[in-house]
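I opened the model to look up two things.

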Amino acid sequence: MKRKSDIAIDAPQSREEADAALARLADLQTRYAEIDATMRAEAVKVGEKFGSSLERLEDEIKSTFDAIHTWAAANRKTIQPKNAKTVTLSSGSIGWRMPPPSIRLTNVDAVIANIKAHRWGRDFLRSRVEVNKDALLDNRSRAEKITGVSFRQVEQFFATPRATKAEVAGKAKK
């Protein structure tokens with residue numbers, strides 16, 4: 001696999017060639033935007049074409065599932081094998097499963113206070129400690145003294161063609 005640095009680039013050799021390349025960039029961006037818009041419009045048409053069919057199928061799937069569930073619930077005692085939760089039919093299987101429990105907290109602050117009141121409850125709380133990068137940036141002279149903290153800033157090159165007002169940015173080459 002080639003690295004970016006291995007790929008040959010036909011770089012402009014003069015100001016005029018750079019200006020021509022910038023005009024080409026504008027043209028390419030315009031063509032890209034046109035094709036992207038066409039693709040999105042076609043995707044909308046496809047959605048409109050098949051959307052109603054999918055909605056009908058979704059409704060039929062739900063009603064068929066609900067009918068099977070109603071029958072299975074009404075006949076659970078006679079169709080469910082002992083010590084099993086799955087019933088095997090010729091077209092597949094149906095059954096009942098127990099999902100993991102969910103927890104609902106009604107008054108979070110009161111729950112936290114109640115947990116804190118019990119010494120054994122500390123495992124039920126977690127606190128997240130993280131580095132405040134905004135504060136490090138605001139106090140750079142002090143932050144630079146901290147082992148493991150370094151600041152990095154890489155100049156970026158940009159090209160903004162007049163024709164499209166679309167900007168292309170990337171890391172500057174050294």
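I started with Asp36, which is partly exposed at a relative accessible area of 23%. I use buried for under 20% relative accessible area, exposed for over 50% and partly exposed for in between (1.4 Å probe, protein chains only). The model is predicted: local features need pLDDT of at least 70, side-chain atom pairs count only at pLDDT 80 or more, and totals for chains, interfaces and linings use all residues. Residues are numbered from 1 along each chain as its sequence is written, and side-chain values use heavy atoms, without hydrogens or water.

**Core.** I looked up the largest nonpolar core and found 5 residues: Ala72, Ile79, Val87, Ile94 and Trp96. Such a core is a set of buried Ala, Val, Leu, Ile, Met, Phe, Trp, Tyr and Cys residues joined through side-chain atoms within 4.5 Å. Beyond its neighbours within four places in sequence, Ile79 contacts Trp71, Ala72, Val87, Ile94 and Trp96. Contact here means heavy atoms within 4.5 Å.

**Salt bridges.** I find 6 in the structure. Each needs a side-chain nitrogen of Lys or Arg within 4 Å of a carboxyl oxygen of Asp or Glu.

- Asp36 pairs with Arg40, closest N and O atoms 2.9 Å apart. Arg40 is exposed at 53%.
- Lys62 pairs with Asp66 at 2.8 Å between the closest N and O atoms. Lys62 is exposed at 53%, and Asp66 is partly exposed at 32%.
- Arg128 pairs with Glu130 at 3.2 Å between the closest N and O atoms. Arg128 is exposed at 75%, and Glu130 is exposed at 59%.
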